[in-house]
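Open the model in your viewer and keep the selection tool at hand. Each stop below tells you what to pick and what to look for.

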Amino acid sequence: MTDFLRLAEDIAREAGDMLLAKRPTMSEEVETKSSPTDVVTALDTASEALIRERVLAARPGDRILGEEGGEQPGESDVRWIVDPIDGTVNFLYGLPDWAVSIAVEVNGRVVAGVVNVPVRGELYSAALGEGAWLGGERLRCNTGVPLAQALVATGFGYSVAKRTVQGQVVAAVLPRVRDIRRGGSCAIDLCSLAAGRVDAYYERGINAWDFAAAGLVATESGARLAGLNGRPVSPDFALCAAPGLFEELHDVLAPLDPERDA
Ligand code: LIP
């Protein structure tokens with residue numbers, strides 16, 4: 001795992017440095033994916049190409065799943081799960097909260113994860129069973145926070161049908177908690193939870209590349225990460241918090257049927 005972690009850290013740093021040096025302006029050519037607001041820049045593609053090249057140079061034959069390039073087949077039991085820029089809209093607008101996320105999965109289980117937040121100079125890392133770190137600081141999520149005092153991070157999808165329901169859900173949650181934060185990057189939200197900067201996170205519609213690395217950072221900090229009603233985390237739903245708060249927030253969210261479209 002140490003070798004995986006070191007390689008992922010080195011590659012995430014290199015990709016982050018490249019992106020910092022070439023950050024686009026709004027006038028840059030961007031393409032859209034699932035909707036007119038779901039953007040991808042040439043630098044998303046360039047970052048993923050760099051990551052794929054570095055991984056395969058070090059570990060030829062490994063499999064890779066990336067947000068922009070999809071699944072690269074291979075025979076290896078090792079799969080790299082990559083989000084070349086998580087928080088693409090923030091990146092495009094020059095806001096600081098975007099990240100390079102790299103996870104390493106062995107036989108279907110994530111064993112190492114790295115989230116690089118270049119603008120903030122923060123590199124989060126985690127190894128299965130060995131803890132989560134921000135630089136040299138061991139991370140532990142907040143515990144014992146009652147729902148009414150919880151700072152809750154969430155996010156919204158790119159489709160009108162999803163966002164309509166997500167607006168209804170957040171309107172129901174807001175009066176029950178301390179406050180809501182919408183940062184624009186799932187990976188940073190989960191790492192912020194691990195660092196005690198928020199108490200809980202939920203979202204519908206995040207993908208494996210969004211949460212694979214940061215989810216390990218969060219669980220290695222002591223948080224629980226799952227879907228609703230005992231299901232695992234998936235694009236259907238993600239909920240993360242320390243035990244206790246997890247169950248309280250779950251029991252507010254589940255009756256709202258937040259996995260539906262309008
Ligand atoms: C982002 C997610 C975030 C979500 C945003 C966006 P992207 O991923 O990390 O949680 O709320 O709408 O989907 O598209 O920047 O890679």
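Where is the place of Leu239? Select strand S15, residues 238–241, and you have Leu239. Strands are DSSP runs of E with at least two residues, helices are runs of H or I with at least four, and both are numbered from the N terminus.

Before moving on, note that this is a predicted model: local features need pLDDT of at least 70, side-chain atom pairs count only at pLDDT 80 or more, and totals for chains, interfaces and linings use all residues. Residues are numbered from 1 along each chain as its sequence is written, and side-chain values use heavy atoms, with hydrogens and water left out.

**Stop 1: Leu239 and His250**

Stay on Leu239. Its relative accessibility is 0%, so Leu239 counts as buried. Buried means under 20% relative accessible area, exposed means over 50%, and partly exposed lies in between (1.4 Å probe, protein chains only). Show the neighbours of Leu239: among them are Tyr201, Tyr202, Phe246, Leu249 and Leu253. Contact here means heavy atoms within 4.5 Å, and residues up to four places away in sequence are not counted.

Select His250 in helix H7. His250 is buried too, at 11% relative accessibility. Besides Leu239, His250 touches Gly227, Leu228, Asn229 and Pro255, again leaving out residues up to four places away in sequence.

**Stop 2: helix H4**

Select residues 160–173 for helix H4. H4 has 14 residues and reaches 20 Å from its first C-alpha to its last, close to the 20 Å expected at 1.5 Å a residue. The expected span is 1.5 Å times one less than the number of residues. Colour the buried residues: Val165, Gln166, Val169, Val170 and Val173. Look down the axis of H4: these residues fall within an arc of 140 degrees, so they line one face of the helix. The arc is that of the directions from the helix axis to the C-beta atoms.

What do the buried residues of H4 pack against? Show strands S11 (151–154), S12 (179–181) and S13 (200–203), then helix H7 (245–253).

**Stop 3: helices H5 and H6**

Select H5 (residues 186–194) and H6 (residues 208–220). Their axes come within 8 Å and cross at roughly 0 degrees. Axes are lines fitted to C-alpha atoms, for helices over the stretch in contact, and angles run from 0 to 180 degrees between N-to-C directions. H5 and H6 are therefore roughly parallel to each other, a term for angles under 35 degrees. Show side chains on Cys186, Ala187, Leu190, Cys191 and Ala194 in H5. They meet a set in H6 including Asp210, Phe211 and Ala214.

**Stop 4: Ala103**

From Asp210, jump to Ala103. The two are 107 residues apart along the chain, with C-alpha atoms separated by 9.9 Å. Ala103 is in strand S6 and is buried, with a relative accessible area of 0%. Its contacts include Trp80, Ile81, Ala212 and Ala213.

**Stop 5: two positive phi values**

Most residues other than glycine have a negative phi. Select Asn107, in the loop between S6 (99–106) and S7 (109–117). Its phi is near 50 degrees, a positive value. Asn107 is exposed, at 59% relative accessible area.

End at Asp257, in the segment after H7. Phi of Asp257 is near 50 degrees. Is Asp257 buried or partly exposed? At 41% relative accessibility, Asp257 counts as partly exposed.

Note on methods: Parallel < 35°, antiparallel > 145°, perpendicular 65-115°, else oblique.
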